[in-house]
Amino acid sequence: MTIRIFRNARIHTGDPARPTVQALAVDGETIVAAGGEAEVRAAVGAGAELVDLVGEAVIPGLYDAHIHTANYARGLSEVDLRDAGSLEEALARVAAHAVRLAPGAWLFGGRWNSNLWDRPVQPDRHALDSVCPDRPVALPSVDGHTVWANSQALRMVGVDRTTPDPVGGRIVRDEHGEPTGILRESASYPLRALMTAGDLSTELRAAQEELLALGLTSVHDIDGEDCRAAYLELYGAGELKLRVHKAIPVAHLEAAIEEGRHTGQGDDWFRTGPVKLYSDGALGSHTCHMSEPFAGDAGNHGMAVTPYDDLEKLIRTAAAAGIAVATHAIGDRANHLVVNAYEAVGSSPGLRHRIEHAQHMRRADITRMARLGVVASMQPVHCTSDIDLVSSLLAGQDLASYAWRTMLNEGVPLAFGSDAPVEHPNPFAALHAAVTRTRPDGTPAGGWQPEQRLNIGEALLAHTVGSAYAAGEEGRKGLLTPGRLADLIAVDTDPFTAEPESIQHTEVLTTVVGGEVRWQRS
Ligand SMILES: [Zn+2]
């Protein structure tokens, strides 16, 4: 094994007993000594290879606890409507993208947000038909809970006026009963099945370079079995450079149990993660499950995507098979029911159940999460992206929203991530949002609900050790101390001394995973 000494750096270890050191000695993938350079050299003797780290600081590699890497990878080659300012602009981008595709080929992509359009209209198939009459088009909304399709795409999956709404979904219809092209929740699944074409391992190979360049060294991937297969292909070929904790889709739970899969199985590069359940939808689509209706949308409480009894049964089945559970919950009612279900099933030794997003909570449920040891897997940029939406749709409701300070104070384990491609995967955007509660442009001044801000040390811990804890890997990842993996990044900004608003502009200079330089800024 090669012994390397990484040196000439201000290394923030994350360990309160020794927060900064000047050098690390690494044997193979594992740190064997941390301290002053002379001390570290003495610990490993002569003959170690010396690696100088350039930059202002070194911090542990960042760990995204909730990312859809397959969707992100595909998105790199798809149309991106995220910052389109109007329906017209969205359609112009679709038209421009279509000319690059083969005749009749599917046009994928999207991540549109009609709440941001100058006229926030609900788009329809006729608009898409006007720019793409001869090819199928299917465009998920930014929160992923709605798909906007053209007529050709609806024809290809056989959706017409006679098609009933599926359980847990809605085919939006016009006044004549004709589908408008908007498919909500499970109504979009048949189209989604067609949207996963292409060579995923090639796309993931490219995507991991982007993620390493952003300072990510580990991810909890929330995508499907095709993504797992593609990662295993990279792993088998020795091409995996990023560590992956791979979630199981609920549709595959039984098959996974049958083949003996369980959470934590694998090695430091590729491990089986939790099963991903959905309890509700999303705020922007008015499908998150609330106790009170949305302001201005009388009687609409959102929806339970998985009915409570099924939820409890699924958690019981997974836990009995040694599989941890990660349940998507956004609305307060959804979060309440998920906590009830975890409580009813009881603790399963060695398994860390989690709530994904945990966005709008009753305070008592936060206390219960702490008592039950349920991890809050949160995405700080969702908070700052949603400020206007929360202020309008949840006006007057007494809820703790994106309440990471309350979570931490109550003793809820926090794990941070991006939910990319819903948001950009840059972890420094998340750290900025966590410590400022402002948008990238600094608004609102002083931060939105600033009492919920974290300090940078707390935010970094949530994005490193916190994510590792959620995966049961805190003994291997997240701190730069002997016995842990040498996953670290050198950055051009020291997050501990920088102004909070400049953290978002941090550039990664070098990314080391397992003691090897895997990416370097040229
Ligand atoms: Zn997600």
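Tutor: A cavity is a set of points, on a 1 Å grid over the protein atoms alone, where a 1.4 Å probe fits but cannot get out, and its lining residues have an atom within 4 Å of a point. Grid points are joined across faces, edges and corners, and a volume is the space filled by probe spheres set on the points. This is a predicted model, in which local features need pLDDT of at least 70 and side-chain atom pairs count only at pLDDT 80 or more, whereas totals for chains, interfaces and linings use all residues. Residues are numbered from 1 along each chain as its sequence is written, and side-chain values use heavy atoms, with hydrogens and water left out.

On these terms the structure holds 2 cavities of 30 Å³ or more, and the largest cavity contains about 70 Å³ of space. Its lining is made up of Pro-60, Gly-61, Tyr-63, Thr-217, Ser-218, Lys-477, Gly-478, Leu-479, Leu-480, Leu-485 and Asp-487. Sorted by class, where Ala, Val, Leu, Ile, Met, Phe, Trp, Tyr, Cys and Pro count as nonpolar, Asp, Glu, Lys and Arg as charged, and the others, Gly among them, as polar, the lining of the largest cavity has 5 nonpolar, 4 polar and 2 charged residues.

The second largest cavity has a volume of about 40 Å³, and the residues that line this cavity are Gln-379, Pro-380, Val-381, Gly-417, Ser-418, Glu-423, His-424, Asn-426 and Ala-430. By class, the lining of the second largest cavity divides into 3 nonpolar, 5 polar and 1 charged.

How values were computed: On a 1 Å grid over the protein atoms alone, a cavity is a set of points where a 1.4 Å probe fits but cannot get out, and a pocket is an open set with protein on both sides within 12 Å along at least five of seven lines; lining residues have an atom within 4 Å of a point.
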